Amino acid sequence: MRKIVLAAAAAASALTLAACSEQTENAAAETAESAAADTEANAEAAGAAVEEAATDTAVAVENAADATATAAANAGDAAQAGAAAAEAELQNETKAEAKAD
């Protein structure tokens, strides 16, 4: 009788353990699927952020190039005006006459 009770208890423990193991396996699979979905969402968000940063950088570079071109043109104009003023003073003529030379 004692052996039958022990065998029944062992069988019940084995069934409980098997059911628990199956639940753990299902939970692990759900966790893995959730982690994969989170990883995919994060990768998409990171890709969008990189794309936006690249666009912002391109706009900033274009603006800097425009500003540099404007500054170079202004510097050239200032250099010509300075050269005309120096020539006018050296040759005792007006700036308009110096520019015409």
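A83 lies in helix α1 of this predicted model. The protein chain holds two helices and zero strands. Of its 101 residues, 3% count as buried.

- A83 is partly exposed, because its relative accessible area of 46% falls between the 20% and 50% limits.
- A83 and A98 are separated by 15 residues in sequence, and their C-alpha atoms are 8.6 Å apart in space.

**The loop and N92**
- The loop between α1 (2-90) and α2 (95-100) contains N92.
- N92 has a relative accessibility of 73%, which is over 50%, so N92 counts as exposed.
- The phi angle of N92 is near 50 degrees, a positive value in a residue other than glycine.
- Most residues other than glycine have a negative phi.

**Surface of the chain**
- The protein chain exposes about 8,100 Å².
- What share of the 101 residues counts as buried? The share is 3%, where buried means under 20% relative accessible area.

Terms used. Residues numbered from 1 in each chain as written. Predicted model: local features only at pLDDT ≥ 70, side-chain atom pairs only at ≥ 80, totals over all residues. Heavy atoms only, no water. Helix = DSSP H or I, 4+ residues; strand = E, 2+ residues; numbered from the N terminus. Buried < 20%, exposed > 50% of the residue type's maximum accessible area, 1.4 Å probe, protein only. Areas by Shrake-Rupley, 256 points an atom, 1.4 Å probe, with all protein chains shown as cover.
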